[in-house]
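Here is a short briefing on one structure.

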Amino acid sequence: MKKFMNEFKEFISRGNVMDLAVGMIIGSAFTMIVTSLVDDIFMPLISVLTGGISFEDWKIILGGGENPPTLAIGSFVAAVLNFIIVAFCIFMVVKTFNKFRSLSLLARKEAAEEAAPATKICPYCRSAIAAEATRCPHCTSVLEEK
């Protein structure tokens, strides 16, 4: 049991688990914001466009009686709209992150290219030669590619 608890402590203390936990918390808060955006802003605007019909009223009654079963079409449309907005926002965040990451990688690559030496030493005659040279101009030795 002690070994199991130690393994669990090691698992929970890894950075990836903490990153996942923070991501889940931020994701749930973000979902609440988007749900409010859909319910409080978009749905009333769509209701105005549809002639004042509330989304809660978009139902299909399947039977008769005191409490007939209904299909809540309006709730479903709100959930689909909520999903589309969340997916679009996540897409934009990931796209922005990837853009910054590619710019950072490009800057690092350019810095590495600038830092590359313009000359190298011939391993045979020890003369300084161009870095791109495949044959030494001093001793005419064929240089190996590295």
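This is a predicted model: local features need pLDDT of at least 70, side-chain atom pairs count only at pLDDT 80 or more; totals for chains, interfaces and linings use all residues.

**Positive phi**

- Thr-140 has a phi near 60°, a positive value in a residue other than glycine.
- Arg-126 also has a positive phi, near 65°, and is likewise not glycine.
- Most residues other than glycine have a negative phi.
- Arg-126 lies in the loop between β3 (119-121) and β4 (128-130).
- Arg-126 is exposed, because its relative accessible area is 58% and exposed means over 50%.

**Annotated transmembrane regions**

- An unreviewed UniProt entry places the feature "transmembrane region" at residues 20-38 and 71-94.
- In the model, residues 20-38 are 100% helix and 0% strand. The end C-alpha atoms of this span lie 26 Å apart.
- Residues 71-94 are 92% helix and 8% strand. Here the end C-alpha atoms are 35 Å apart.
- Ser-36 is placed in helix α2. The C-alpha atoms of Ser-36 and Asn-82 are separated by 9.2 Å. Along the chain, these two residues are 46 residues apart.
- Ser-36 is partly exposed, with a relative accessible area of 33%.

**Nonpolar surface patch**

- Which residues make the nonpolar surface patch? They are Met-1, Phe-4, Met-5, Phe-8, Phe-11, Ile-12 and Met-18.
- The patch covers about 750 Å².
- Helix α1 (residues 2-12) gives the most to this patch, with five residues.
- Phe-4 is one of the patch residues and lies in helix α1.
- Phe-4 counts as exposed, because its relative accessibility is 52% and the cut-off for exposed is over 50%.

**Negative surface patch**

- A patch of negative charge on the surface gathers Asp-39, Asp-40, Glu-56 and Asp-57.
- Where is Asp-57 found? It is in the loop between α2 (15-49) and β1 (59-61).
- Asp-57 counts as exposed, because its relative accessibility is 56%.

Key
Residues are numbered from 1 along each chain as its sequence is written. Side-chain values use heavy atoms; hydrogens and water are left out. Patches are made of residues with over 30% relative accessible area and no salt bridge: like charges are joined within 9 Å, nonpolar side chains (Val, Leu, Ile, Met, Phe, Trp, Tyr) within 5 Å. Accessible areas come from the Shrake-Rupley method with a 1.4 Å probe; for residues, only the protein chains shown count as cover. A salt bridge is a side-chain nitrogen of Lys or Arg within 4 Å of a carboxyl oxygen of Asp or Glu. Lys and Arg count as positive and Asp and Glu as negative; His and the chain ends are not counted. The place of a charge is taken as NZ of Lys, CZ of Arg, CG of Asp or CD of Glu. Helices (H or I, at least four residues) and strands (E, at least two) are DSSP runs, numbered from the N terminus. Buried means under 20% relative accessible area, exposed over 50%, partly exposed in between (1.4 Å probe, protein chains only). UniProt positions are given in the numbering used here, feature names are shortened, and annotations may be inferred rather than shown by experiment.
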